[in-house]
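Biologist: Before I rely on the labels attached to this model, could you take me through the criteria behind them?

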Amino acid sequence: MSEKARVTIDGITVEVEPGISILNAARQIGGDLVPPAMCYYSKLEGSGGKCRTCLVKVSKGSEKDPRPMPKLVASCRTTVMDGMEVENMTSPEVIEARKGIVELLLINHPLDCPICDQAGECDLQNLGYEHGAAGTRYEFERRTFDKIDIGDKIQLHMTRCILCYRCVFTADQLTNNRVHGILGRGDASEISTYIENVITNDFSGNVIDVCPVGALTDKTFRFKNRVWFTKPVDAHRDCPTCKGKVALWYKGEEVLRVTGRKDQYGEVEDFICNACRFDHKKTSDWVIEGPRHIENTSVISSNHYDTMKPLPVIQQNKALMEANKVEFERTKKI
Ligand code: SF4
Ligand code: FES
């Protein structure tokens, strides 16, 4: 077995497999020192290196060659070396650079969070709040696009796209027949299907889950509700196409949408098929496992607005009752 590499990130040392990226080493430590990632997705080969949100400072290259790296580096694409020392949240240079990256990503991205279905679970919204500056210096006209339906279940709102390539890698690696990609170069780049093709294959809906912003949205959920008013529940079914492990998002008695189960880094645990995602929206289609764990920092868990009483369907279902427990207890105190 190969020897482990010792890496120190923001003063915390961890031993990791040699050859992994700084970002994945940081994820092994966890917490605030994990750099944000808008384009890297651990389940998608080749992802990363596009958005620069994961920039860190390498203040010591390795035990053998302790020289610092001359520039900030993308932690998702930089391999750890034994004895390496990395600064993320402890480096004023990184904090400043990240503000600039947020400003750059927001040059064309509209601030239409109040009407965007992704609000509440948008990586760019979180990044803006946690790492952004209050203003922008950009004075020119922003580029805009018309919304396009790419298939009957998915809508592309290119104006919101940050060109992270995740949806392209998803289509490439999950399906036999990718029909969309990034056309054009530089500021003319855009996600597009080849000559009015539509994305139709069993796994096409996963582009919605991997999109870090609201550029690719589920047409069956559009404008139905805000995510923080919905209740996520883990459920599964015996599916011949995928593992059938999903999150159901309830509003009262109704399943408003079905998604993959996302971890603390916003990545799905398993990709799910379109039949599970779009065609099974009845509680009776699923075996309910229990409440979905939502990070404390998520707007979904800090639901300050919805103080409804448990609906009959929830009261009759143990798992849904459990999923709503915290909220009901808070309601009683109000
Ligand atoms: S549509 Fe979404 S997933 Fe695809 S490149 Fe744009 S931001 Fe990334
Ligand atoms: S997450 Fe590393 S460059 Fe995008």
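Modeller: Axes here are lines fitted to C-alpha atoms, for helices over the stretch in contact, and angles run from 0 to 180 degrees between N-to-C directions. This is a predicted model, in which local features need pLDDT of at least 70 and side-chain atom pairs count only at pLDDT 80 or more, while totals for chains, interfaces and linings use all residues. Residues are numbered from 1 along each chain as its sequence is written, and chains are lettered from A and ligands numbered from 1 in the order in which they are written.

Biologist: Why are α2 and α3 called oblique to each other?

Modeller: Angles under 35 degrees count as roughly parallel, over 145 as roughly antiparallel, 65 to 115 as roughly perpendicular and the rest as oblique. α2 and α3 pack at about 140 degrees, with their axes 10 Å apart, and they are therefore oblique.

Biologist: Which residues of α2 and α3 meet?

Modeller: With contact taken as C-beta atoms, placed from the backbone, within 7 Å, R98, K99, V102 and L105 in α2 meet L124, L127, G128 and H131 in α3.

Biologist: What makes E121 partly exposed?

Modeller: A residue is buried if 20 or more other C-beta atoms lie within 10 Å of its own, exposed if 12 or fewer, and partly exposed in between. E121 has 19 such atoms within 10 Å, so E121 is partly exposed. E121 lies in the loop between α2 (92–105) and α3 (123–131), and its C-alpha atom is separated by 8.5 Å from that of G266, 145 residues apart along the chain.

Technical notes: Helix = DSSP H or I, 4+ residues; strand = E, 2+ residues; numbered from the N terminus. Contact = placed C-beta atoms within 7 Å.
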